[in-house]
Amino acid sequence: MKADPRAARLSDAALAGPARPRDRRSIRRTNLAVVLRILRDGGPRSRAQIAADTGLPKPTVTSLVAELVALGLVREGPAQREGAVGRPGTLVHLDGRDICGVGVEISTSSVHVLALGLGGATVFGHRTAAAVADMTADAVLDLTARSVRTCLTALERDGVRPVGITLAVPGVIDADTGTVEYAPALGWRGLRILAGLRDRLERPVPPLTVGNDAKLGAVAEYVHAQGAGVQDMICITGERGVGAGIITDGRLLLGSTGFAGEVGHMPLDPERRPCVCGRTGCWETMVGLDAIFRLAAADGDPVRDPGVELEERLAELRRRAESGHARTRQALDRVADDLALGIALLADVLNPQAVVLGGYFSHIGDLMLDRVREVVRARVMAPDAGGCEVALSTLGFRAAAQGGAHLALDAVYQDPGAV
Ligand SMILES: [Zn+2]
């Protein structure tokens with residue numbers, strides 16, 4: 001069976017995985033990338049150690065390191081050797097201080113631009129609150145272009161070169177044509193978003209790509225979880241909509257037409273509330289932001305006012321829950337039960353090591369987590385939920401932008417000489 005080239009590209013690009021040579025067309029290019037990825041994954045090390053890690057001859061490693069130094073991607077520095085005698089060894093460190101990757105998340109409530117350096121440090125970050133779901137697509141593109149221009153100007157001033165920009169959008173994406181096929185939460189269909197943004201930027205820009213927000217959030221969570229060696233995980237993003245990025249055996253699952261992970265529209269609600277997708281009873285009508293606010297507060301309550309910053313509204317919910325406010329606590333319990341119902345279903349089907357809850361769950365999910373875990377354990381068929389750990393994201397609302405920046409930077413890890 002022929003592999004979907006789009007799937008191969010996104011999963012390889014997003015999740016290049018541990019370093020191992022495989023591009024036989026250019027051994028040198030591959031070897032540069034392997035050395036760089038070893039430094040990313042394993043931290044600073046000596047040239048001798050790199051030779052041992054890669055199986056490459058020492059003179060080859062020396063020449064590869066020299067090329068990476070010339071590219072500004074690594075630097076050599078003395079090793080810290082406490083109490084050791086003799087000449088300190090030299091370690092090769094990841095550098096890349098002059099380059100960054102840019103992620104731009106367009107959500108229903110904001111446009112968030114984030115630039116990360118090669119080692120993952122934040123170089124630029126700015127979030128503009130806006131009622132995106134109520135704006136026209138043109139107005140959203142204008143706002144996005146303004147945000148990106150501000151970022152590019154700041155990077156230029158600081159002498160940092162962006163190697164790529166990835167947009168994250170809550171919808172189904174055709175990455176090849178740069179089109180948002182369908183984004184129900186924003187009311188978009190067939191929007192040629194990359195062309196629209198490129199026209200507005202009116203300046204040379206680095207390569208632009210677009211991806212689904214939940215999938216890019218999963219990329220960020222996966223990169224973040226690498227210390228723990230997690231290869232099978234489901235990352236659920238709770239915003240107005242609910243989506244998932246599914247990583248199985250270290251690869252991002254896209255499905256045959258890219259719709260894999262549209263978990264927010266699983267029909268789970270017997271009350272069959274209408275959903276933005278035009279159907280009724282979707283999971284996101286039970287556990288999305290609108291659901292928690294609707295259950296926790298009456299009409300006209302400030303926590304239901306979209307004009308108030310989302311973080312503030314969530315902080316107010318937390319204050320109420322912690323002071324024992326009955327309606328708030330009942331709302332949290334209800335959403336916890338409904339959340340667990342969907343998680344258990346996904347765990348039965350995919351048997352992940354971890355389910356990571358992001359978006360608004362990373363703000364108030366701790367108030368629901370014990371109950372979610374209990375219900376998941378009770379409902380999943382496999383003993384002890386198949387070892388599935390339900391955890392809260394520590395990345396929160398920045399995960400999608402962060403995943404976009406990682407994806408942009410991955411071009412460097414794929415082919416260091418090209419950027
Ligand atoms: Zn739906």
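Biologist: What share of the contacts in the protein with a separation of 6 or more comes from residues 24 or more positions apart?

Modeller: That share is 61%. A contact here means heavy atoms within 4.5 Å. Before we go on: this is a predicted model, where local features need pLDDT of at least 70, side-chain atom pairs count only at pLDDT 80 or more, and totals for chains, interfaces and linings use all residues. Residues are numbered from 1 along each chain as its sequence is written, and side-chain values use heavy atoms, with hydrogens and water left out.

Biologist: How do you know whether the radius of gyration agrees with a compact globule?

Modeller: We set it against a rule: 2.2 Å times the number of residues to the power 0.38, with the radius taken over C-alpha atoms. For 419 residues a compact globule would come out near 22 Å, and the protein has 23 Å, so the two agree. The C-alpha trace spans about 70 × 55 × 50 Å along its principal axes.

Biologist: How many helices and strands does the protein have?

Modeller: There are 14 helices and 15 strands. Both are DSSP runs, numbered from the N terminus: helices are H or I with at least four residues, strands are E with at least two.

Biologist: What makes a residue "buried", and what percentage of the protein is?

Modeller: Buried means under 20% relative accessible area, exposed means over 50%, and partly exposed is in between, using a 1.4 Å probe and protein chains only. By that cut-off, 51% of the 419 residues are buried.

Biologist: What makes E3 and strand E6 a pair?

Modeller: Two strands pair if DSSP finds at least two bridges between them. E3 and E6 (residues 161-169) have 6 bridges, in the parallel sense, and count as paired. Gly103 has Thr166 as its bridge partner in E6, and Val104 has Leu167.

Biologist: Which way does strand E4 run against E3, parallel or antiparallel?

Modeller: Antiparallel: 7 bridges join E3 to E4 (residues 110-117). Val104 stands opposite Val113 there. A hairpin through 3 residues links E3 to E4.

Biologist: What is said of E6 itself, and which other strand does E6 pair with?

Modeller: E6 is mostly covered, with 8 of its 9 residues buried. E6 also pairs with strand E10 (residues 208-212), in the parallel sense over 5 bridges. There, Ala168 has Gly211 as its bridge partner.

Biologist: Why does Thr144 count as buried?

Modeller: Thr144 has 1% relative accessibility, so it falls under the cut-off and counts as buried. Thr144 is in helix H5 (residues 137-157). Leaving out residues up to four places away in sequence, Thr144 touches Val104, Ile106, Val111, Leu167 and Leu197.

Biologist: And Val160, is that one buried or exposed, and how do you know?

Modeller: Val160 has 11% relative accessibility, so Val160 counts as buried as well. Val160 lies in the loop between H5 and E6. Not counting residues up to four places away in sequence, Val160 touches Arg97, Asp98, Ile99, Cys100, Val123 and Leu155.

Biologist: What order do the strands take in the open sheet of 5 strands?

Modeller: The order is E13-E12-E11-E14-E15, with mixed pairing. Strand E13 (251-252) and strand E15 (389-392) are the edge strands, as each pairs on one side only. Inside that order, E11 (residues 233-238) and E14 (residues 354-359) pair in the parallel sense over 6 bridges, and Thr237 stands opposite Gly358 in E14.

Biologist: Which residues of helix H9 are buried, and what do they pack against?

Modeller: In H9 (residues 289-296), Leu289, Ala291, Ile292, Phe293 and Ala296 are buried. The buried residues of H9 pack against helix H8 (284-287), helix H10 (310-322), helix H11 (326-350) and helix H12 (361-364).
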